[in-house]
Amino acid sequence: MALRKIGEGLYLYPGSPSTMIKVYDGKAVIVDPGQGSGRHKDLKREMRKLSLEIHAQLTTHGHADHVKVAPKIEAPLFAHRFEFSIVESPLNREILTFGSKAPRGFLVSQFEGEVKVHGIFEWNDVIFGLKAIKLNGHSPGMTGFLDEENAVIYAGDSFFGERVLQAVGIPYLVEPELFKDSIKQLQYYVDEGLLLIPSHGKAVKGEEARKLLDFNIKRIEETERRILELLKKPMSLDELAYRLSKYFNVSPTPQMLALNLVPLRAFMAKLYNEGKVEAFLDNGLKWKIRGD
């Protein structure tokens with residue numbers, strides 16, 4: 001894989017997640033170092049080609065696939081205040097991703113090691129020439145990084161490429177309305193002509209970006225509508241997750257369904273708070289349309 005120049009002193013290294021590199025004060029700042037057995041070596045090699053020293057690392061959020069190789073890069077790591085303990089603690093990473101301690105080897109990006117965070121930032125801080133942008137919903141402190149000089153936003157997992165959504169069915173999130181609000185914020189930046197870079201998917205701008213952001217919002221809204229249709233017949237969350245995967249033409253696996261339960265619980269909380277669904281007991285916990 002080759003490093004791609006996307007602006008003045010700004011580069012993108014492909015992967016899932018991709019990694020953005022900002023040249024700041026003559027040194028490299030890495031955004032989302034990522035995962036993979038040789039990822040850290042690849043990034044160091046590409047920086048040597050540019051005669052750059054890696055000065056610091058930033059992470060959009062604390063999911064394991066975004067920070068796994070950070071300790072091997074040997075540069076200070078910075079995270080948002082809400083993501084601090086998620087990045088550092090293997091157990092917290094699993095709790096956020098899976099909902100509790102996960103079975104060993106069950107999650108693709110699962111790893112046992114601690115990841116040291118050397119500093120925290122707040123939204124709207126400017127750190128190493130990049131502005132931290134609030135894009136939460138996917139995780140509590142999900143952060144995008146705006147390079148105003150190059151009109152680029154590394155948007156992390158605040159939205160997903162179409163192939164990702166087609167593969168998983170339900171977007172991974174912890175709060176649907178916050179996720180939608182973040183996409184609406186990104187729509188503003190698209191109207192201003194900025195290039196958006198998701199962690200998983202290709203960089204987009206202009207009409208292509210508008211269509212992709214709209215696809216993300218429509219998938220959220222379609223998921224909610226379909227939940228309400230399915231719950232005309234009371235069912236458990238497990239059954240609901242399975243039915244949704246079939247509706248979105250996804251071939252489910254145990255791992256995928258387990259992960260989809262996390263955003264599904266977030267949807268149920270929203271619908272419950274709005275008075276649209278209710279829980280009851282029938283040989284276990286089940287859900288139904290309120291009043292049925």
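Is Phe82 buried, partly exposed or exposed? Phe82 is partly exposed, with a relative accessible area of 36%; buried means under 20% relative accessible area, exposed over 50% and partly exposed in between, using a 1.4 Å probe and protein chains only.

A quick word on the ground rules. This is a predicted model, where local features need pLDDT of at least 70 and side-chain atom pairs count only at pLDDT 80 or more, while totals for chains, interfaces and linings use all residues. Residues are numbered from 1 along each chain as its sequence is written, and side-chain values use heavy atoms, with hydrogens and water left out.

Now to the aromatic rings. Rings of Phe, Tyr and Trp (its six-membered ring) pair if their centres lie within 6.5 Å; planes under 30 degrees apart count as stacked, over 60 as edge-to-face and the rest as tilted.

| Pair | Centre distance | Plane angle | Type |
|---|---|---|---|
| Tyr24 and Phe128 | 6.1 Å | 75 degrees | edge-to-face |
| Phe82 and Trp123 | 5.6 Å | 90 degrees | edge-to-face |

Tyr24 sits in strand β3 (residues 19-24) and Phe128 in the loop between β8 (126-127) and β9 (130-134), so this pair links distant parts of the chain, 104 residues apart. Helices (H or I, at least four residues) and strands (E, at least two) are DSSP runs, numbered from the N terminus. Tyr24 is partly exposed at 37%, whereas Phe128 is buried at 16%. Ring pairs also bring Phe78 into a cluster with Tyr24 and Phe128.

Phe82 lies in the loop between β6 (77-80) and α4, and Trp123 in the loop between β7 (119-121) and β8, so their pair ties together parts 41 residues apart in sequence. Trp123 counts as buried, at 18% relative accessibility.

Next, helix α5 (residues 90-98). Its buried residues are Pro90, Arg93, Glu94, Leu96, Thr97 and Phe98. Looking down the α5 axis, they fall within an arc of 170 degrees, so they line one face of the helix; the arc is that of the directions from the helix axis to the C-beta atoms. These residues pack against α2 (64-67), α4 (84-88) and α10 (254-273). After α5 comes Gly99, with a positive phi near 105 degrees.

Finally, Ala209 belongs to helix α8 (residues 206-230) and is buried at 0% relative accessibility. Leaving aside neighbours within four places in sequence, Ala209 is in contact (heavy atoms within 4.5 Å) with Val190, Leu196 and Val204.
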